[in-house]
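Me: I'm new to this one. Can you walk me through it?
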Amino acid sequence: MTVTTETEAPTPEQPEAGEQPEKRPPFMVLFGRYLTEANSVMVTIYSLLLAFLLGAVLLIVSDEHVRGTWSYFFSRPTDALEASWEVVSNAYVSLFEGAILNFHTLDRMAAGNADVGDLLRPISETLTYTTPLIFTGLAVGLAFRAGLFNIGAQGQLVFGMLGALIVGFGLDLPAIVHIPLAVVAGAVAGAAFGSVPGVLKATTGAHEVISSIMLNNIAALFLVWAIGTGFLHSATRSELVTKPVDDSAIMPGILAPIDDDLRVNYSLVIGAAAAVFVWWLLSKSTFGYRIRAVGFNQHASATAGMSIGRTYVTTMGAAGALAGLAGAALALGVGSGGITTNTALEYGFDGITVALLGRANPGGIVAAALLFGALKAGALSAQPDVPVDMSTLLQATIVLFIAAPALVKALLRLRAPRGGLVTLEAKGW
Amino acid sequence: MRLELKGLTKKFGSFTADDDIDLVVEPGQIHAVLGENGAGKSTLMNMLYGILKPTSGEILIDGEPVAFSGPGDAIAAGIGMVHQHFKLVGPFSVADNVQLGREHTRGAGVLSARAARQAVRDVSEQYGLRLDPDAICEDLPVGVQQRVEIVKALSGPSTELLILDEPTAVLTPAEISELLDIMRSLAESGTSILFISHKLKEVQAVADTVTVIRRGKVVAELEPTASETEMASAMVGREVTLTVDKAPAEPGEPRLEIEGLMVVDEAGVKALDGLDLTVRAGEIVGLAGVEGNGQTELARAVLGLVRPDAGTIAIDGRRADRTSPAQRIERGLGYIPEDRARDGLITEFTVAENIVLNQYREAPYAKNGVVDAAAVRKRAEDSIAEFDIRTQGPAEPAASLSGGNQQKVVIAREFSRPRRVLVAAQPTRGVDVGATEFIHSRLVTERDTGTAVLLISSELDEIYALADRIAVIYNGRIVGEVGPETPREVIGRLMVGAEAPSTEAESADIEAFDAESPASGGTASGGTAAEGPDEETNGGDRDH
């Protein structure tokens, strides 16, 4: 998947790119123009707003009481409007409280019933959900840049999780060595599994989308089988859960000094570092240059002497390593519990939407992962006031709008940006 | 139809693409519009076809002003357009493509295949354009696909004016001469034709009148009898020398040796069938041939993108056929690919990134796997100056450069490292006169520094202008190696496999096309060596 530009026929009111304007209009005019233009930043912002708007409509429609008030809208419109406002604002306020800051905690703190740990809990939860999404988003985004659609992040994550787990309980080492080793094991296992579709594509031409979807199934079933084996299965529990990693392999919490309950751990820091590294790799290194070249035009890259097959294998390996790090974050982050078939959730698949939303740029991916992490944490904590599906629904609508910039442009009557609308598309798919 | 443009102007912001264009196309006239890439030809045609709205000025059809809000209006007014890049649905049949957008139905949305076929046959017969309505478009040769486009354009409700935008860019010589015949007979039957081109020879051969556009302005109205130098100079805005100055070649040791090269394509057809060819240091060998006779496979095999099924390739006396493209590039193989947009450039990359595309890993452009952006930019700035690349700077995306300047980027890249062998495939395709002149002189300079140059071109003019020796390829084999003084007819016959009787008709076409052009010596891409006395002597000296 790559970022492509659809050039539109220029229209007179839209100045051509490349010409030098004679005098520069004042800043506020330029800023206003920017706000009303369908450039990629504004389309993203408007997509978020539109998604929340659509979410509001659905909240109103799905609430029985509010529907009732709308039935006599023409006799007493204020009833309907008030009820609607209440349900929508309650829902979004609870999402915010669950994801960022709970105002009630402030009140309780003033009364002495809560501490700083309680105040930080929503943020901690958001960042906990964000961490694996950064890795899987990068795993999908990096592959996008080489023109590869890595659907297989979920499977790579599963193998990374198992790799980190095995090193995590299998070796007896001091934490200073044990943790890094377990993290590296996760990355290596993910890279090994991730490079399989790359090798298949390079040697046989098998499309990576097909092979990585199939490998996801293999990984999911392998996980179920592996957890049940004597090697991994918990010695003390009867349900499908693995042994826990040793205490020396548990990733320490960043905010643990404040409160042991705050789950966010140093995997987040590794994630941020990975994002910086991927940015550096793509923009500064020869490897990244080759990834971008192959992603844009493999024919010209081959003509210039680059090996396309090798690029596919190494890129998929690197993507797999990133997804494997997500798995390591989960394995080392669950603490004294073991891994279940549920631990991986859908982080690998969510990585696809995160990469899309972040437009395959590391900075964008981190921002998108934060947003999705916040939605997830908010939705989980706002239950049962807000249906938990609300978060999925918002994610889906946001991506829908982002994927269709022309729709956003038409809905909001935005002006065409210089150089055309930017859309994401998968090459050869 | 009489078409008149009065003061037609198109502005994009403060940039004026077309400035006060006046132009008249009389009924049954072939009116050529000449101009370099970016001169405003396409903008003009897009206004005429309703794709763009003029900023000012008017379009008159038979004296009546018209305003088009889309191509539909233009078609309704009797204007048909054949785009440079065909707009055909590949897997559809000819009849389905022709009826696209105005399908023949039996009412209630049920397609009538019979009516569609009949409509194609009617137009085919009326204008003498042979077409099988049931053929699948993507299986047809390019020349026939273009005929489909023409029939499609003529199938409008009342098409009386046909716009042909660079129609010969993708055609073989035989297809070109056929197209020119079609244009003539269309004009005879009363259809007006607006012919956009920058190939002077074709313009001379077919046009009734010529309008030259430069930087959005009409700069000259010429008769087709005007000399090519006159037309080229008007297009470029300065004196243009169409002949390439070059001293006699001094061939040295063999640098590129190809023996018994065999490449079997996926369909099991032998694209190259035991090809032998040697190129020596300090000479340009021109490979002439009708496209599709193995030129593409030869170039790709020499670079290493296809693995030969038999035969050997040696670069600089060392076997190279088991090495990777990167290794051959390292050994000093330069390569100008025939399809610039596909193989030559990464259009999303900047000019600078493109210039180092095959050197990005080497010092000084990279150290320890890290690209040195400053060194890359410095290098790009040097190349931009040396090769006169018209760009806003090293950071401009290659996509926004004109075709000629894009090609200069490719050439700057290939000429930037020490070379032993250069393979130049169609180096001036889609490139305007000014850039062609430049590229030709660089190729000769390249030869003079001792590089072995293999020039693959489907344009005989280019071969004659540059080659010290001409090899003719037919059906994957070299069927003749001749000196540059060899007459066109001889090479034309070799190009179509002279000994095969079934191809005599095609051979006649090529000769006919050459005979039709009133040009005496100068051509679009260079002087014909056969007629230049200097060239002739040179050629004689070199003809071993």
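Me: Which loop holds B:Ala363?
Reply: B:Ala363 sits in the loop between α12 (351-355) and β17 (366-367) of chain B. Helices (H or I, at least four residues) and strands (E, at least two) are DSSP runs, numbered from the N terminus. This is a predicted model: local features need pLDDT of at least 70, side-chain atom pairs count only at pLDDT 80 or more, and totals for chains, interfaces and linings use all residues. Residues are numbered from 1 along each chain as its sequence is written, and chains are lettered from A and ligands numbered from 1 in the order in which they are written.
Me: Is B:Ala363 buried or exposed?
Reply: B:Ala363 is exposed, because 10 other C-beta atoms lie within 10 Å. The cut-offs: buried is 20 or more other C-beta atoms within 10 Å of its own, exposed is 12 or fewer, partly exposed is in between, with C-beta atoms placed from the backbone.
Me: What kind of peptide bond joins B:Ala363 and B:Pro364?
Reply: A cis one, with omega about 0 degrees. B:Pro364 is also in the loop between α12 and β17 of chain B. Most peptide bonds are trans.
Me: Now phi. What is the value for B:Asn368?
Reply: Near 50 degrees, a positive value in a residue other than glycine. B:Asn368 lies in the loop between β17 and β18 of chain B. B:Asn368 is exposed, with 7 other C-beta atoms within 10 Å.
Me: And where is B:Arg215?
Reply: In the loop between β9 (209-214) and β10 (217-222) of chain B. Phi of B:Arg215 is near 50 degrees too. B:Arg215 counts as partly exposed, because it has 15 C-beta neighbours inside 10 Å.
Me: Switching topic. How many residues of chain B are in contact with chain A?
Reply: 33 residues of chain B, against 23 residues of chain A. Contact means C-beta atoms, placed from the backbone, within 7 Å. On the chain B side, β1 (3-12), α10 (325-330), α11 (340-344) and β18 (370-371) each supply at least two residues.
Me: At what angle do α6 (residues 116-145) and α15 (residues 362-382) of chain A cross?
Reply: Roughly 140 degrees, and their axes come within 7 Å. Axes are lines fitted to C-alpha atoms, for helices over the stretch in contact, and angles run from 0 to 180 degrees between N-to-C directions.
Me: Which residues of α6(A) meet α15(A)?
Reply: Several, including A:Pro122, A:Leu133 and A:Gly141. Their partners in α15(A) include A:Pro362, A:Phe372 and A:Ser381.

How values were computed
Two residues are in contact if their C-beta atoms, placed from the backbone, lie within 7 Å.
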